[in-house]
Amino acid sequence: MASLKSVLALSTRLLTTLKKQTHVVYIKRTLLLTRQPLFKRADGRFIPFGRQLSSTGASAEKAEDSFLKWFLLLIPATTFGLGTWQVKRRQWKLQLIDDLRRLTTAEPIPLPVDPHDLKSLEYRRVKVRGKYDHSQELYILPRSPVDPEKEAREAGRLSSSGETGANVITPFHCTDLGITILVNRGYVPRQKIRPETRMKGQTEGEMEVVGVVRLTEQRKPFVPHNDVERNRWHYRDLEAMSSVTGAEPIFIDADFGSTIPGGPIGGQTRITLRNEHMQYIAVWYGLCAVTSYMWFAKFIKKMKL
């Protein structure tokens with residue numbers, strides 16, 4: 001009897017244990033089925049919902065990377081285009097400087113009287129014969145002296161000699177043409193602006209003057225307006241200068257060879273232009289190289305790995 005009771009008790013415990021284990025397995029299976037429901041595809045196959053979400057996220061991420069990849073490629077492409085544009089700009093600037101130098105060193109021609117002919121002759125060397133009228137001098141200031149060799153070396157730099165003065169503009173009666181024009185005789189330092197301080201250079205006789213044709217000048221931003229009453233001119237306004245002196249609106253810069261000892265120093269025509277294109281070329285092509293390498297390392301090298 002005791003043995004039978006022991007066997008029955010053991011059997012009861014075993015059944016109870018089996019029931020509990022079956023229940024646990026059932027619960028776990030239920031939870032697993034609930035977490036990953038199945039979706040039927042068009043071909044009749046079922047795929048877990050988790051796998052479908054992963055596939056959708058990967059596709060979206062791939063599309064975003066593809067857009068970013070080609071969008072960032074615009075940076076090296078744009079900088080390469082800007083560098084090439086600066087190469088062409090430099091060639092154009094060098095050609096323009098060379099053309100100006102040829103004009104200012106060519107053999108002088110007689111000055112045309114027709115103002116319409118002069119519009120196409122700026123920086124062209126011309127020659128006139130006559131005499132100055134020193135009683136109606138005009139002064140363009142402040143100005144610094146022009147050194148052609150230094151200008152060629154430092155073209156494009158914002159530099160100054162530290163010395164300032166004025167350019168002396170004097171009416172010149174052309175005896176061979178019968179008209180009066182305006183001639184920029186050249187530079188004088190500040191202490192020599194007044195005519196009585198340079199009487200040696202105030203020649204009265206007839207002479208030949210060689211110079212380059214200059215046209216009227218538009219006032220640049222931040223440049224003061226001309227003060228006609230005080231005879232302080234800051235830019236070349238041929239109409240206003242002509243109305244004050246009674247001369248024709250024809251203007252030439254006397255060359256260095258026309259300098260009179262003790263007078264203004266001729267040759268004050270600036271023919272060098274700002275030419276910083278080589279710096280821009282280095283900057284743009286440098287940025288192109290750097291951004292191209294970064295793009296390659298980000299998108300191409302990573303794919304190979």
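Biologist: Which residue in β7 does Phe172 stand opposite?

Modeller: This is a predicted model, in which local features need pLDDT of at least 70, side-chain atom pairs count only at pLDDT 80 or more, and totals for chains, interfaces and linings use all residues. Residues are numbered from 1 along each chain as its sequence is written, and side-chain values use heavy atoms, with hydrogens and water left out. Strand β6 (residues 165-174) pairs with β7 in the antiparallel sense over ten bridges; strands are DSSP E runs of at least two residues and helices are H or I runs of at least four, numbered from the N terminus, and two strands pair if DSSP finds at least two bridges between them. In β7, the residue opposite Phe172 is Ile181.

Biologist: What is the phi of Gly178 in the turn between β6 and β7?

Modeller: β6 and β7 form a hairpin, with four residues between the two strands. Gly178 lies in that turn, and its phi is positive, at about 75°.

Biologist: How many of the eleven residues of β7 are buried?

Modeller: Buried means under 20% relative accessible area, exposed over 50%, and partly exposed in between, with a 1.4 Å probe and protein chains only. Strand β7 (residues 179-189) is mostly covered. The number of buried residues there is ten.

Biologist: Which residue in β9 is the bridge partner of Leu182?

Modeller: β7 and strand β9 (residues 251-254) run parallel and are joined by three bridges. For Leu182, the bridge partner in β9 is Phe251.

Biologist: Is Ser135 buried or exposed?

Modeller: Ser135 is in the loop between β4 (125-132) and β5 (138-143). Its side chain makes a polar contact with the side chain of Asp133 at 2.6 Å; such a contact is a pair of N or O atoms within 3.5 Å, where within protein one must be able to donate a hydrogen and the other to accept it, and residues adjacent in sequence count only if both atoms are side-chain atoms. Because its relative accessibility is 63%, Ser135 counts as exposed.

Biologist: How far does helix α3 reach from its first C-alpha to its last?

Modeller: Helix α3 (residues 74-105) has 32 residues.

Biologist: What is the mean pLDDT of the protein?

Modeller: pLDDT is the predictor's confidence in each residue, from 0 to 100. In this protein, 72% of the residues reach 70 or more, and the mean is 79.

Conventions: Expected span 1.5 Å × (residues − 1).
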